[in-house]
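Reader: I would like to learn how to read a structure like this one. Could we take it feature by feature?

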Amino acid sequence: QVQLVESGGGLVQAGGSLRLSCAASGSLFRFTAMGWYRQAPGKQRELVATITSSGTIDYSDSVKGRFTISGDNAKRTVYLRMNSLKPEDTAVYYCNAEQAVTRRPYWGQGTQVTVSS
């Protein structure tokens with residue numbers, strides 16, 4: 001029904017930048033929100049940033065001021081610009097979308113971000 005495809009991950013040095021992209025395809029369903037989560041080895045999956053259909057944005061305290069989420073609800077696409085990357089940002093980053101009517105969550109396969117010291 002819905003596929004979320006992430007791209008833009010990779011290996012960067014500390015202080016570098018990456019931009020992640022997530023495109024929703026395969027369905028015309030509306031989404032109430034889209035966002036990014038991440039999971040580092042040995043840790044729980046955590047919120048990075050979300051943006052609602054009305055434009056409300058939330059960031060994790062750990063990335064606030066360094067990461068910027070943006071999106072186009074009509075295109076069902078979100079981006080995550082990551083600046084001043086730290087080794088602690090190393091994780092698999094997952095795109096998430098919530099279907100408007102059913103509230104069903106959809107997840108991408110994830111994209112690896114590795115930040116070296």
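**Sheet and rings**

Author: Start with the sheet: four strands, in the order β1-β3-β8-β7, make up an open sheet with antiparallel pairing. Keep in mind that this is a predicted model.

Reader: Which strands are at the edges of this sheet?

Author: An edge strand pairs on one side only, and here that describes β1 (3–7) and β7 (67–72). Between neighbouring strands of this sheet the average turn is 15 degrees, direction ignored.

Reader: How many bridges join strand β3 to strand β8?

Author: Two strands count as paired from at least two bridges. Strand β3 (residues 18–25) and strand β8 (residues 77–82) run antiparallel and are joined by six bridges.

Reader: What is the bridge partner of C22 in β8?

Author: C22 has V78 as its bridge partner there.

Reader: Now the rings. How many aromatic pairs does the count come to?

Author: Ring centres must lie within 6.5 Å for a pair, and planes over 60 degrees apart make it edge-to-face. The count by this rule is two aromatic pairs. In one, F31 and Y106 have ring centres 6.4 Å apart and planes at 75 degrees, so this pair is edge-to-face.

Reader: Where in the chain do F31 and Y106 lie?

Author: F31 belongs to strand β4 (residues 31–39) and Y106 to strand β10 (residues 105–107). They are 75 residues apart, and the pair thus links distant parts of the chain.

Reader: Is F31 buried or exposed?

Author: The cut-off for buried is under 20% relative accessible area. F31 has 2%, so F31 is buried. Y106 also counts as buried, because its relative accessibility is 7%.

Reader: And what are the angle and distance between the rings of Y37 and W107?

Author: Their planes stand at 65 degrees and their centres are 5.1 Å apart, so this pair is edge-to-face too. Y37 sits in strand β4 and W107 in strand β10, 70 residues apart, which again links distant parts of the chain.

Reader: How does one classify the accessibility of Y37?

Author: Values between the buried limit of 20% and the exposed limit of 50% are called partly exposed. Y37 is partly exposed because its relative accessibility is 21%. W107, with a relative accessible area of 36%, is partly exposed as well.

Reader: Which residue lies over the face of W107?

Author: R45 does, at 4.7 Å from the ring centre. R45 also lies over the face of Y94, where the distance to the ring centre is 3.8 Å.

Notes
Residues numbered from 1 in each chain as written. Predicted model: local features only at pLDDT ≥ 70, side-chain atom pairs only at ≥ 80, totals over all residues. Heavy atoms only, no water. Helix = DSSP H or I, 4+ residues; strand = E, 2+ residues; numbered from the N terminus. Axes fitted to C-alpha atoms, helices over the stretch in contact; angles between N-to-C directions. Phe/Tyr/Trp six-rings, centres within 6.5 Å; stacked < 30°, edge-to-face > 60°. Buried < 20%, exposed > 50% of the residue type's maximum accessible area, 1.4 Å probe, protein only. Lys NZ or Arg CZ within 6 Å of the ring centre and 35° of its normal.
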